[in-house]
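I set down here what I looked up in this structure, in the order in which I looked.

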Amino acid sequence: MTEQKAAVDVEEVKRMLDKHKAKMKLSLSLCAHCSLCAESCFLFNSHDNDPKYMPSYKFINSIGKIYKKKGKVDQAMLEEVAVNAWKRCVLCTRCYCPFGIDIPSMIALARSICRSQGVYPQYDE
Amino acid sequence: MEISNILTADFIYNLARGPLVWISLLICIIGSVARTLQLISYTRVKEIDTKADFSSIGKKPPAKKFSVKDIPGHIAALKNTILAISPVTILVSLCFHLCLIIVPVFLLAHNMLIDDAIGFSLFSFSETFSDVFTIVFLICGLFFLFRRIFLARVRAITTLYDYVVLLITVAPFLTGFLAYYQIFDYKTVIILHMLAGELMLIAIPFTKIFHMFFFFVGRFMLVNQHTIGNGSRTW
């Protein structure tokens with residue numbers, strides 16, 4: 001799914017994280033893990049209610065993972081993130097969070113970080 | 001003097017009943033105000049692009065005057081909300097949060113203590129009323145716990161932290177209930193009750209419980225698809 005690149009530029013990832021730190025930190029720390037966003041995702045509905053397609057699961061396991069490691073991520077992890085950020089989400093921005101957490105922008109940021117490190121889906125596969 | 005001599009039950013009781021209440025209340029209020037202001041400082045007033053006219057995009061139609069004829073339409077519109085999708089969770093959540101605020105603030109025993117301390121207190125509900133609402137709260141708390149344990153979708157994103165936050169929230173109510181009915185040793189339970197309550201107050205600004213303030217900023221002030229009313233700020 002991804003193009004191989006020698007190493008992840010940790011500094012670049014950190015810089016990208018810092019730019020949106022406030023919003024991201026708050027969103028991640030205040031998500032109550034209530035799972036009420038689940039049904040607002042059409043991919044969740046069309047995959048037999050698989051929790052892996054839940055908007056909160058996707059943003060926790062994409063940008064959340066990168067943030068938890070404070071940007072010190074490796075290629076393998078970015079590839080995992082890419083699955084959540086691309087294959088499980090189409091950024092249709094229809095997800096609904098009772099608190100108003102902006103989930104799509106978090107996932108979009110995870111995509112940007114992956115793309116900056118050369119990890120992105122190859123559509124001709 | 002040995003520590004065990006100082007840390008007697010009476011000492012902890014007086015500490016928890018007196019200074020710790022004020023300290024935790026201060027931390028709660030100052031912390032919450034500070035964090036809310038910090039949160040607002042992360043946002044800015046949304047600029048309107050004067051050159052391009054995107055005014056029709058993403059704008060809700062102007063509010064119509066309320067009419068009785070529209071009521072069925074309003075009810076039908078609810079079918080796309082989380083209320084219709086998970087009605088039980090939403091209703092339980094509503095009860096949980098209402099009881100969480102109402103019970104401690106309007107509890108007779110709390111108001112008597114406040115009256116003793118500052119000579120002024122809010123009105124109180126009857127003890128039976130508070131009792132019923134505490135039981136409702138505890139049942140709702142149990143519902144959330146079971147939901148976390150048994151529902152795959154909630155389990156998928158649950159961490160230990162979620163259980164801790166639930167425990168911090170429920171503990172004051174559980175110990176208060178036990179103390180009121182003098183189940184177990186009263187003195188121990190009431191000390192635990194006071195400490196649990198103070199812990200919850202301190203936890204409000206610094207843990208997930210801060211969502212009580214984030215909710216109002218996130219849903220009312222920030223502009224997004226699900227803003228309630230006309231938000232004016234953006235990140």
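**Chain A, overall.** I counted 7 helices and 0 strands in chain A; helices (H or I, at least four residues) and strands (E, at least two) are DSSP runs, numbered from the N terminus. From the N terminus on, I read the elements of chain A as α-α-α-α-α-α-α. The radius of gyration of chain A is 14 Å, close to the 14 Å from the globule rule for 125 residues, so chain A is as compact as a globular protein of that length. For that entry the radius is taken over C-alpha atoms, and the globule rule is 2.2 Å times the number of residues to the power 0.38. Along the principal axes, the C-alpha atoms of chain A fill a box of roughly 40 × 35 × 20 Å.

**Provenance.** I note that this is a predicted model, in which local features need pLDDT of at least 70, side-chain atom pairs count only at pLDDT 80 or more, and totals for chains, interfaces and linings use all residues. Residues are numbered from 1 along each chain as its sequence is written, while chains are lettered from A and ligands numbered from 1 in the order in which they are written.

**Burial and contacts in chain A.** Of the 125 residues of chain A, 46% count as buried. A residue is buried if 20 or more other C-beta atoms lie within 10 Å of its own, exposed if 12 or fewer, and partly exposed in between, with C-beta atoms placed from the backbone. I then took the contacts in chain A with a separation of 6 or more: residues 24 or more positions apart account for 71% of them. Two residues are in contact if their C-beta atoms, placed from the backbone, lie within 7 Å.

**Helices 6 and 7 of chain A.** I looked up how helix 6 (residues 75-87) and helix 7 (residues 103-116) of chain A pack: the angle is about 140° and the axes are 9 Å apart. Helix 6 of chain A is therefore oblique to helix 7 of chain A. Axes are lines fitted to C-alpha atoms, for helices over the stretch in contact, and angles run from 0 to 180 degrees between N-to-C directions. Angles under 35 degrees count as roughly parallel, over 145 as roughly antiparallel, 65 to 115 as roughly perpendicular and the rest as oblique. The crossing of these two helices of chain A is left-handed, that is, the near helix is turned anticlockwise from the far one by less than a right angle (clockwise would be right-handed). From helix 6 of chain A, Leu78(A), Val81(A), Ala82(A), Ala85(A) and Trp86(A) meet Ile107(A), Ala110(A), Arg111(A) and Cys114(A) in helix 7 of chain A. By class, I find 8 nonpolar, no polar and 1 charged among the residues of this contact. Here Ala, Val, Leu, Ile, Met, Phe, Trp, Tyr, Cys and Pro count as nonpolar, Asp, Glu, Lys and Arg as charged, and the others, Gly among them, as polar.

**Chain A against chain B.** I find 24 residues of chain A in contact with 25 residues of chain B. On the chain A side, helix 2 (21-30) and helix 4 (55-60) each supply at least two residues, and the largest share, 5 residues, comes from helix 2 of chain A. The side of chain A that touches chain B has 14 nonpolar, 7 polar and 3 charged residues.

**Chain B, overall.** Chain B has 12 helices and 2 strands, in the order α-α-α-β-α-α-α-α-α-α-α-α-α-β from the N terminus on. Buried residues make up 19% of its 235 residues. Among contacts in chain B between residues at least 6 apart in sequence, 61% join residues at least 24 apart.

**Helix 11 of chain B and its partners.** Helix 10 (residues 160-180) and helix 11 (residues 186-206) of chain B pack at an angle of about 155°, with axes 8 Å apart, which means that helix 10 of chain B is roughly antiparallel to helix 11 of chain B. Helix 10 of chain B passes helix 11 of chain B in a left-handed crossing. The residues of this contact divide into 13 nonpolar, 5 polar and no charged.

I next took helix 3 (residues 19-41) of chain B, whose axis comes within 8 Å of that of helix 11 of chain B and crosses at roughly 15°. Helix 3 of chain B is therefore roughly parallel to helix 11 of chain B.

**Ala16(B).** Ala16(B) lies in helix 2 (residues 9-17) of chain B. Why is Ala16(B) counted as buried? Ala16(B) counts as buried because it has 20 C-beta neighbours inside 10 Å. Leaving aside neighbours within four places in sequence, I find Ala16(B) in contact with Ile191(B), Met194(B), Leu195(B) and Glu198(B).
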